[in-house]
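Hello,

Here is the structure I said I would pass on. Please look it over first; my notes follow below it.

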Amino acid sequence: MAFAAPDHGPGYSFTSPTTASAPKQHGFYPYTDNGGSILGISGADFTILAGDTRSTSGYNINSRMAPKLFRIGGEGPDATGARIILGVVGFGADGAALKERLDTIVKIYRYEHGKDMSVKACAQRLSHLLYGKRFFPYYTHAILGGIDEEGKGALYSYDPVGSYEREQCRAGGAAASLIMPFLDNQVNFKNQYVPGSGEGHDLKAREVVPLSRNYVMELVEDAFTSAVERHIEVGDGLQVLVVTENGIEERISPLKQD
Amino acid sequence: MFRNNYDNDSVTFSPQGRIFQVEYAGEAVKQGSVVVGIVSKTHAVLAALKRNAEELSSYQKKVIPIDTHYGVALAGLASDARVLSNFMRQESLRERLTYGRPMNLSEIANRIGERAQINTQQYGRRPYGVGLLISGVDRNGPHLFEFQPSGMVNEMLATSIGARSQMARTYLEKNLDQFADATKEELIKHALSALKDSLSQDKELTVDNTSVGVVGGGDLFKLYEGQEVSPMLASAFGEGEGEESMEVDT
Amino acid sequence: MNHLPQAWGRPRDDVYGAYNASFLPQDGPKQHTQSPIVTGTSVVAMKFKDGVVVAADNLASYGSLARFTDVKRLRQFNTRAVLGFGGDVSDMQHLDRLLTSLSLRENYADPGSSGDETDTASLDAKNLHTYLSKVMYKRRTDFNPLWNHILVAGLDDADKPFLASVDLLGTTFSAPSLATGFGAHLAVPILRRVAPDEAAAETLSMDDAVNAVKEAMKVLFYRDARSLDKYSIAVIRKDGVQLKEDEKLEGQSWAFAETIRGYGTQIH
């Protein structure tokens, strides 16, 4: 009720219920977690996105081949001409819906402007898509990859409601907490110091340098083979997408199925 | 002075059973520059002559890719064509999103036909002033549809619309039996030849004023413009396109 | 008149008694389906080298009551697609109506290129699955779900076997063998032994696939209390759909039941 009942004098039915009984609880929960993990690392002239191909419901494996990485804005069944890649983990149906929306937007952009959308613009648009459902969010962790206007590898990561940031590397999904510290250490050299450079606060941090593509591929594989060992929702297959100036390369390799 | 009282709107018949506004819309198509469309058993080709309003202006858009499997060529009001092509593109994306399949060409052709017809039967509306050739490959093979402002939609094997298009149609009728089994290159050659037949004396096909759209044989719809059409013009009319081959004394 | 403008014109409780709310509408905010009512149990399906086999029993349960024992839960959409429904039966019937109008619209728009009137399958299994996934996802987003888990079995546009699922949340996935509900726990391991991956499914014979699915149906009947030994089974191949709706589980052996201990009063 908009106004309070008087606390003295004769009573009026101000606080009377508008219905005879309290409304029933909603029995339908519109989300589920389909498990899996993704990670992205950007280099000097490339961006790599990787994800496992398992889809789960609780302890069940729905499918051993359910890719989480997608090409955005390409034409035709092979996504010809695409230069942007998206990884989504979390609730699979939201992920699929998000991917299709972004893909359509980038396609329409090319039709209306006669040129490809930049990763920067696409990244901001994705943020808006997510925030647009701030009060009924897409339950996903998204990572967007591409090549920026200077030809450098670009990587953007998102929370479910659209907060985003450009980063060197990011892990998302079920095994994010397992992979991210590994990436901090191996990509951004966190907790690595120059030997003999001093004691305590005098220690010099190891200088961060862009990593080579082959080295990053090895990191990605190590990250996933390890995550598979420690997380039951991760496994079956490893999908890797690499964007360079020349386009997108894909590789799918096996992971343990247990 | 004689004044036609039956052409003020598109909802009134003349005593002779004609709807003048719709016929005038058809005239707008005839004033647009010529476009040609041909299909073979495997490919669909659109060729168009682009005009520029003045020497310094850019050339008009004549061939518009809609989806990866088809495009349209237009003759008439380009802005009306834009409205229609935006609609077609939207519908095609919707079809891909809801069913995961490419739009059927007869379906989209009929859908814009329906839209155009509504404009001819409701007061306060005006017919589209543009004709379209809708051409591409769907699950039933290559198709070519002709669309007119009246709402008429016809499937064709080869046709042409726009200014002086009768000349192109004459060429197409004459060579019709060669189209079905033609290769992609031969089909392009025929389309350019038909287009050339429609040119006025002082005009010729150049890389600046020719657009070609090709789809089929497993390839996506591709629009060729500028230098990309130069090999096509060369193979259709020989090197040094435009000049008739020199008469050689024998 | 007092100093409370909100109270002016209102009946005083000490004169007229408290407001009797029983005259108000009994329901709260508009309620959508909160739980399924009449339900079907598992659907099982698997791919083989040139097609897909799918099966579901003919029971519709009302809670623990075996309410309807002749309900067909497989629906042939056209010559290239069959759907298997698990979950709420009334929602299944709603979808059935939706699909009928879809197929009518489809066939009217494009009666097939071959001129053969039986070739009306302009929507293949993959298209149908995409469509259904949008319907299901839209309904969950509207908080008004269709309480089903559906398997779509058939052929894709290249006539390759296609099998995928969509549930009440709009979640979709595809695999060489799939099962809904209880079958996801009991049937899938049986089917995965026969064809662990796509490569294995591509070499699997139709007979082996059908036998595996029948075996899975039998195990489900043994262990799923909401199941029936009467079932429907469909095989979808390039040459069409073979749908049998009145099959009976064969070769049952309840000998294992004799050895089960620990669920009730037992002497030993």
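The second largest cavity is lined by residues of chain C: T41(C), S42(C), D57(C), M217(C), L220(C), D224(C), S227(C), L228(C) and L249(C). Sorted by class, that lining has four nonpolar, three polar and two charged residues. The space inside the second largest cavity comes to about 40 Å³. Please keep in mind that this is a predicted model, and that the values here are computed from it.

How many cavities of 30 Å³ or more does a search of the whole structure find? The search finds two. The largest cavity has a volume of about 50 Å³. Its lining is made up of I72(A), G73(A), G81(A), A82(A), R83(A), I84(A), V106(A), R110(A), D116(A) and M117(A). Five of the residues lining the largest cavity are nonpolar, two are polar and three are charged.

R110(A) turns up again in a pocket. The second largest pocket holds about 780 Å³ of space. In the lining of that pocket there are 23 residues, and those nearest its centre are R110(A), Y111(A), K61(B), I64(B) and P65(B). Which elements each supply at least two residues of this lining? They are helix 1 (92-113) of chain A and, from chain B, strand 3, helix 2 and strand 10 (219-224). Helix 2 of chain B gives the most, with six residues. By class, the lining of the second largest pocket has ten nonpolar, six polar and seven charged residues.

Next is the interface between chain B and chain A. Here nine residues of chain B are in contact with eight residues of chain A. The two chains bury about 770 Å² between them, and carbon and sulfur atoms give 64% of that area. Within chain B, the residues that lose the most area to chain A are R89(B), L93(B) and L97(B), which together make up 57% of what that side buries.

On the side of chain B that touches chain A, strand 3 (63-67) and helix 2 (78-99) of chain B are the elements that give two or more residues. Which of the elements gives the most to that side? Helix 2 of chain B does, with five residues. The residues on that side of chain B divide into five nonpolar, three polar and one charged.

As for the pairings across this interface, three residue pairs of chain B and chain A are in polar contact, counting pairs with both residues at pLDDT 80 or more. The count of salt bridges between chain B and chain A is zero.

Side chains of opposite charge can pair when their charged atoms come close. One of the salt bridges joins the side chains of R94(B) and E91(B), at 3.5 Å from N to O. Where do R94(B) and E91(B) lie? Both are in helix 2 of chain B, three residues apart, which is about one turn of the helix.

Regards

Conventions: Residues numbered from 1 in each chain as written. Chains lettered and ligands numbered in written order. Predicted model: local features only at pLDDT ≥ 70, side-chain atom pairs only at ≥ 80, totals over all residues. Heavy atoms only, no water. Contact = heavy atoms within 4.5 Å. Buried area = accessible area lost by both parts, 1.4 Å probe. Salt bridge = Lys/Arg side-chain N within 4 Å of Asp/Glu carboxyl O. Polar contact = N/O pair within 3.5 Å; in protein donor to acceptor, adjacent residues only side chain to side chain. Helix = DSSP H or I, 4+ residues; strand = E, 2+ residues; numbered from the N terminus. Nonpolar A, V, L, I, M, F, W, Y, C, P; charged D, E, K, R; others polar. 1 Å grid on protein atoms, 1.4 Å probe; cavity = no way out; pocket = protein on both sides within 12 Å on 5 of 7 lines; lining within 4 Å. Points joined across faces, edges and corners; volume = space filled by probe spheres on them.
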